[in-house]
Amino acid sequence: MRRSGPLVSGGIDSFVGFVNTANASDPYPNVQYHYALSRQRTGLASNMVRTMELRESIADELERANAEADLLVIFPILLKPKSEGSVRLRTVQPLDKPSIEAGYLEHPDDVTQLIEGIRIQERIMGTYTLSSLVPELVRLNLPDCAAFDTDRYWECYVRELGVTLYHPVGTARMGPEDDPDAVVDPRLRVHGIRRLRVIDASIMPEIVSGNTNAPVIMIAEKASDMLKEDHSL
């Protein structure tokens, strides 16, 4: 009530930011940052790593670091990945699980952009504004990675610790009927099948530059208008 005490925070003090790593003046970002503050001895950072099912040793290292200081966990999120995955039918049975190939980080540009996103955070840490906080990177013990803070190290780091943010799109992309990758037409009707529409993030031809929640709500609102038009409601 008085903006103090343990319940001021819901447990995760988080904020976000956007940047274009290739061109700072470009209005369209290619990296989004999620930040979460793990206050000293709360164990939030290590618990997050355990939830992501990363190696237990990494969670242990973060736990030791968090015992000594507050940790700011920074997630660089790739907004415009060039790598593509696929979702295919495994069998002819409709209730059988599909075959999903995520294809994460198969395109080298995706790795390069994530490394650039890390480098931008290092430059922010080195600014005059943050110098009074004496920020320091937590050096994780990754035996298979090269010398710390080299590009080779960060590429290994990205591949070792990369996780999904659960914003996949495009598996039933919108496009003309002669497009072999298109599934629905501009009114979200499935090509070649009557009385079937798809109305969700899968119809996006490309992913948006940020979270998919609001665009999916917009798609649903637009689809509801089209359905009413088609049925004269």
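Student: Is Arg 187 buried, partly exposed or exposed, and what is its relative accessible area?

Tutor: This is a predicted model, so keep that in mind throughout. Arg 187 has a relative accessible area of 23%, and buried means under 20%, so Arg 187 is partly exposed.

Student: Which residue does Arg 187 form a salt bridge with?

Tutor: Asp 230, with the closest N and O atoms 3.0 Å apart. The two sit in distant parts of the chain: Arg 187 is in the loop between α5 and α6 (213-230), Asp 230 is in helix α6, and 43 residues separate them. Asp 230 is partly exposed too, at 37% relative accessibility.

Student: How many salt bridges does the count come to?

Tutor: 14. Some of them share partners, and in that way Arg 50, Glu 56, Asp 60 and Glu 63 are joined into one network.

Student: What about Arg 55, which residue is its salt-bridge partner?

Tutor: Glu 160, again with 3.0 Å between the closest N and O atoms. This pair also links distant parts of the chain, from the loop between α1 and α2 to helix α5, with Arg 55 and Glu 160 lying 105 residues apart. Arg 55 is partly exposed at 35%, and Glu 160 is partly exposed at 30%.

Student: And where are Glu 155 and Arg 159 relative to each other?

Tutor: They are both in helix α5, 4 residues apart, which means about one helical turn lies between them. For accessibility, Glu 155 comes out at 34% and Arg 159 at 43%, so each counts as partly exposed.

Student: OK, switching to the inside. Which residues touch the most other members of the largest nonpolar core?

Tutor: Ile 58, Leu 62, Leu 140 and Leu 142, out of 22 residues in that core. At least two residues each come from α1 (44-51), α2 (56-68), β3 (71-78), α3 (108-125) and α5 (151-161). The largest share is from α5, with 5 residues.

Student: What is Leu 140 in contact with, leaving aside neighbours within four places in sequence?

Tutor: Ile 58, Glu 61, Leu 62, Tyr 153, Tyr 157 and Leu 161. There's another core as well, lying apart from the largest one; it has 11 residues, among them Leu 188, Ala 201, Ala 223 and Met 226.

Student: Last topic, the overall layout. What domains is the protein divided into?

Tutor: Domain 1 spans 15-161 and domain 2 spans 168-232. Taken over C-alpha atoms, their centres are separated by 30 Å.

Student: How many residues are in contact between domain 1 and domain 2, and what area is buried there?

Tutor: On the contact side, 8 residues of domain 1 meet 6 residues of domain 2. The buried area is about 510 Å², with carbon and sulfur atoms giving 52% of it.

Student: And how many salt bridges and polar contacts are counted between the two domains?

Tutor: The salt-bridge count between domain 1 and domain 2 is 0. For polar contacts, the count between domain 1 and domain 2 is 2 residue pairs.

Note on methods: Residues are numbered from 1 along each chain as its sequence is written. This is a predicted model: local features need pLDDT of at least 70, side-chain atom pairs count only at pLDDT 80 or more; totals for chains, interfaces and linings use all residues. Side-chain values use heavy atoms; hydrogens and water are left out. A nonpolar core is a set of buried Ala, Val, Leu, Ile, Met, Phe, Trp, Tyr and Cys residues joined through side-chain atoms within 4.5 Å. Buried means under 20% relative accessible area, exposed over 50%, partly exposed in between (1.4 Å probe, protein chains only). Contact means heavy atoms within 4.5 Å. Domain bounds come from an automatic or database domain assignment. Buried area is the accessible area (1.4 Å probe) that two parts lose on being put together, summed over both. A salt bridge is a side-chain nitrogen of Lys or Arg within 4 Å of a carboxyl oxygen of Asp or Glu. A polar contact is a pair of N or O atoms within 3.5 Å; within protein, one must be able to donate a hydrogen and the other to accept it, and residues adjacent in sequence count only if both atoms are side-chain atoms.
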